[in-house]
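Please find below a colleague's note on the structure shown here. The points are numbered so that each may be taken up separately.

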Amino acid sequence: MEATTSSVQEKGELLAALTRELIGLHKRHYGRGATKARALFAHDNLLLVEMEDVFLTMEHTLVAKGQREMVRQARRTFQSAMRDEFIGAVEGLSHRRVENYESVTFTAPDKILEIFYLEPTSSPDGSAPPVLIEANGIDPT
């Protein structure tokens, strides 16, 4: 049981550190960071970081004037330019290679979702990590 507790505690500490680091990157490069954020592993290789209240005053104004797509496009362009910094932060803290990264901007509500696919790891016995839900060609309806 001790190993599980330690593992859960270590994962929690990693998620907290990742959240702080990504907020810090936003703050340094956008001039403002999220006021709320949380990170979670959807499964062992999929890291999600949700940030709330991220927009600058100018972006809020554009959204209010119906320019949502302009805000999303500007954020996409900037995140593309900052890709290496975001990947580097996750790789440095997690000690795992990021296979892919995307950033999704939502304008209603004001949120950003940072999505990182990490290189798969194996269990101590060499087997693949467990999958929470797997659907292979199953019609969900």
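The points that follow go from the overall fold to individual residues.

1. Overall organisation. The model is a predicted one. The chain holds 4 helices and 4 strands, and from the N terminus on these elements follow the order α-β-β-α-α-α-β-β. Of the 141 residues, 34% count as buried. Where contacts join residues at least 6 apart in sequence, 52% of them are between residues at least 24 apart.

2. Packing of helices α3 and α4. Two packed helices are described by the angle between their axes and the distance between the axes. Helix α3 spans residues 68-81, and helix α4 spans residues 83-94. Their axes come within 4 Å and cross at roughly 60°. An angle counts as roughly perpendicular from 65 to 115 degrees and as roughly parallel under 35; α3 and α4 are therefore oblique to each other. The α3 side of the contact is made by Gln-79, Ser-80 and Ala-81, which meet Arg-83, Glu-85 and Phe-86 of α4. By class, this contact has 2 nonpolar, 2 polar and 2 charged residues.

3. The end of helix α4. Ser-94 belongs to helix α4, which covers residues 83-94. Is Ser-94 buried or exposed? Its relative accessibility is 12%, so Ser-94 counts as buried, the cut-off for that class being under 20%. A polar atom of the Ser-94 side chain lies 2.7 Å from the backbone oxygen of Val-90. The side chain of Ser-94 also reaches the backbone nitrogen of Arg-96, at 3.2 Å. His-95 has a positive phi of about 60° although it is not a glycine. At 70% relative accessibility, His-95 counts as exposed, whereas Ser-94 is buried.

4. Side chains of opposite charge can pair when their charged atoms come close. The salt bridges of the model number 11. In one of them the side chains of Glu-50 and Lys-111 meet, with an N to O distance of 3.3 Å. This pair links distant parts of the chain, with Glu-50 in strand β2 (residues 46-52) and Lys-111 in strand β4 (residues 110-118), 61 residues apart. Lys-111 forms a salt bridge with Glu-52 as well, the closest N and O atoms being 3.9 Å apart. Here too the link is between strand β4 and strand β2, and the partners are 59 residues apart. As for accessibility, Glu-50 is buried at 18% relative accessible area. Lys-111 is partly exposed at 21%, and Glu-52 is partly exposed at 26%.

5. The side chains of Arg-76 and Glu-69 form a salt bridge with an N to O distance of 2.5 Å. Both residues count as partly exposed, Arg-76 at 36% relative accessibility and Glu-69 at 41%.

6. Glu-21 in helix α1. Glu-21 is found in helix α1, which covers residues 2-30. With a relative accessible area of 32%, Glu-21 is partly exposed. Leaving out residues up to four places away in sequence, Glu-21 touches Arg-28, Ala-89 and Leu-93. Glu-21 and Leu-93 are 72 residues apart in sequence, and their C-alpha atoms are 9.0 Å apart in space.

7. Backbone geometry to inspect. Most residues other than glycine have a negative phi, and most peptide bonds are trans. Two further sites deserve a look against this background. A cis peptide bond joins Ala-108 and Pro-109, with omega about 5°. Pro-109 is placed in the loop between β3 (98-107) and β4. Asp-53 is a residue other than glycine with a positive phi, near 55°. Asp-53 sits in the loop between β2 and α2 (57-64), and its relative accessible area of 28% makes Asp-53 partly exposed.

Terms used. Residues numbered from 1 in each chain as written. Predicted model: local features only at pLDDT ≥ 70, side-chain atom pairs only at ≥ 80, totals over all residues. Heavy atoms only, no water. Helix = DSSP H or I, 4+ residues; strand = E, 2+ residues; numbered from the N terminus. Buried < 20%, exposed > 50% of the residue type's maximum accessible area, 1.4 Å probe, protein only. Polar contact = N/O pair within 3.5 Å; in protein donor to acceptor, adjacent residues only side chain to side chain. Axes fitted to C-alpha atoms, helices over the stretch in contact; angles between N-to-C directions. Parallel < 35°, antiparallel > 145°, perpendicular 65-115°, else oblique. Contact = heavy atoms within 4.5 Å. Nonpolar A, V, L, I, M, F, W, Y, C, P; charged D, E, K, R; others polar. Salt bridge = Lys/Arg side-chain N within 4 Å of Asp/Glu carboxyl O.
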